[in-house]
Amino acid sequence: MPRLNRIIETALYVDDLERAAAFYENVLEVEAMLRTKTLYAYDIGGSSVLLLFQRGESLGSQTSPNGTIPPHDGSGPLHICFAVDAEELPVWETRLKQHSVTIEGRMTWERGGESLYLRDPDGHLLELMSPGVWATY
């Protein structure tokens, strides 16, 4: 049986790419790797990619000489989680306050990890998680 090694990309669908870019680049300080009319791609920790798609712009197949990407889209608030070092959680909390980002929730997990929850401008629930939550993290 072949195995899955890891998740490479995670996608969120946003109403305004520039507004979303300002949040992710200025508040979370992620670096853009690609910017097109309908997609921005960000490096996350050197091991995964966050894709921000303009909502509704990927409902048709995207075809190029190299192949075809099938249609996709999403609506409603989604959830993604970013891994952070435990000692950096207080630093993240300060940074979020400096940018007037509300921390909506906190969790201390049974295995010792901690999470902070916040929202991006499109209402997606973002989680900053320290190690000690899952057997794999």
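Just past helix α2, Ser-100 adopts a positive phi of about 55°. Keep in mind that this is a predicted model. The helix itself spans residues 89-98 and has a set of buried residues, and there's also an open four-stranded sheet to look at.

**Helix α2**
- Buried here are Leu-89, Trp-92, Glu-93, Arg-95 and Leu-96.
- Looking down the axis of α2, those buried residues fall within an arc of 165°, so they line one face of the helix.
- Val-91, Lys-97 and Gln-98 sit on the other side of α2, and they're exposed.
- What do the buried residues of α2 pack against? Their partners are helix α1 (17-27) plus the strands β8 (105-108), β9 (114-119) and β10 (125-129).

**The four-stranded sheet**
- Reading across this open sheet, the strand order is β1-β4-β3-β2, and the pairing is mixed.
- β1 (9-14) and β2 (31-35) are the edge strands, each pairing on one side only.
- From one strand to the next, the twist averages 25°.
- As background, strands of a sheet pair through backbone hydrogen bonds, and they can do so parallel or antiparallel.

**The β2-β3 hairpin**
- β2 and β3 make a hairpin, with three residues between them.
- The two strands run antiparallel, and four bridges join β2 to β3 (residues 39-44).
- Which residue of β3 does Glu-31 stand opposite? That's Asp-43.
- Ala-32, in turn, stands opposite Tyr-42 in β3.

Terms used. Residues numbered from 1 in each chain as written. Predicted model: local features only at pLDDT ≥ 70, side-chain atom pairs only at ≥ 80, totals over all residues. Heavy atoms only, no water. Pairing = 2+ DSSP bridges. Axes fitted to C-alpha atoms, helices over the stretch in contact; angles between N-to-C directions. Buried < 20%, exposed > 50% of the residue type's maximum accessible area, 1.4 Å probe, protein only. Arc of directions from axis to C-beta. Contact = heavy atoms within 4.5 Å.
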